[in-house]
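Let's take a friendly walk through a protein model. Have a look at the structure first, and then we will go through its parts together.

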Amino acid sequence: NVPTSLPPSCSVTAPVTGGTVGPATPGGTMRLCGGINIAKGTLTLQRGTYYVDSIFTSVSSGAILDATAGVTLILSSGVEIKPGNGTTLNIEAPATGPFAGIAMMSRATSPTKHLVDANNLNFNIMGALYFPNQDLDLKNNFDTTKCAQLVARTIAIKNNANMFHDCPGTGIRSPGNSSIALME
């Protein structure tokens, strides 16, 4: 029940590759029509909501996305997360506002597969990964040292996984009376 309509125009048309990026107003909105492609080093996103229209990837091992100031990433339909091996995603969702507790979500309404495909991905997430129509595929050493909530059509975690789920004061919503099922 959160708003996901796209901003009317692109804030950035080429892929965002590094440095510091942020909305004109702190906590505002940016539409990244060229997507995110971390070339090398660190890309820092300032507080706000980012609509990612095309790619979400990194091309070098050890690339870092630093989005720890209260950030929500909203992926357009068809956008997959394809970081290079050893990439670190540091994302902390806002604790208040319309996207409270949501670190990353998808606008896709039809099922897609393999949303995340990376080895040794360091997911330092404080917030929910909300992909109700996608298959979330995490493999080889999925590790999040913060509070994360995974919501997806299916979730496949292969090999080692480490998650924390005690989330007071983060804005993450409780699953309530929803049923949770682990399948093999």
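Two strands count as paired if DSSP finds at least two bridges between them. Keep in mind that this is a predicted model.

How many bridges join strand β6 to β9? There are 2, and the two strands run parallel. In one of these bridges, T57 has K82 of β9 as its partner. Both strands belong to an open sheet of 3 strands, in the order β3-β6-β9 with parallel pairing. Because β3 and β9 each have a single partner strand, they stand at the edges, and one side of each is left without a neighbour in the sheet.

| Strand | Residues |
|---|---|
| β3 | 36-38 |
| β6 | 56-58 |
| β9 | 81-82 |

**The nonpolar cores**

Now turn to the largest nonpolar core, which has 35 residues. I36, L45, F56, L65, L73, I91 and M104 have the most contacts inside this core. Strand β12, residues 122-139, gives the core its largest share, with 6 residues. Apart from this core lies another one of 6 residues, including V2, I74, I102 and M105.

Which residues does I91 touch, leaving aside its neighbours within four places in sequence? I91 is in contact with L65, A67, V71, L73, A103, M104, N124, I125 and M126.

**A pocket**

The second largest pocket holds about 150 Å³ of space. Its lining has 3 nonpolar, 7 polar and 1 charged residues. Among the lining residues you can find G27, R47, T72, P94 and F99.

Terms used
Residues are numbered from 1 along each chain as its sequence is written. This is a predicted model: local features need pLDDT of at least 70, side-chain atom pairs count only at pLDDT 80 or more; totals for chains, interfaces and linings use all residues. Side-chain values use heavy atoms; hydrogens and water are left out. A nonpolar core is a set of buried Ala, Val, Leu, Ile, Met, Phe, Trp, Tyr and Cys residues joined through side-chain atoms within 4.5 Å. Buried means under 20% relative accessible area, exposed over 50%, partly exposed in between (1.4 Å probe, protein chains only). Helices (H or I, at least four residues) and strands (E, at least two) are DSSP runs, numbered from the N terminus. Contact means heavy atoms within 4.5 Å. On a 1 Å grid over the protein atoms alone, a cavity is a set of points where a 1.4 Å probe fits but cannot get out, and a pocket is an open set with protein on both sides within 12 Å along at least five of seven lines; lining residues have an atom within 4 Å of a point. Grid points are joined across faces, edges and corners, and a volume is the space filled by probe spheres set on the points. Ala, Val, Leu, Ile, Met, Phe, Trp, Tyr, Cys and Pro count as nonpolar, Asp, Glu, Lys and Arg as charged, and the others, Gly among them, as polar.
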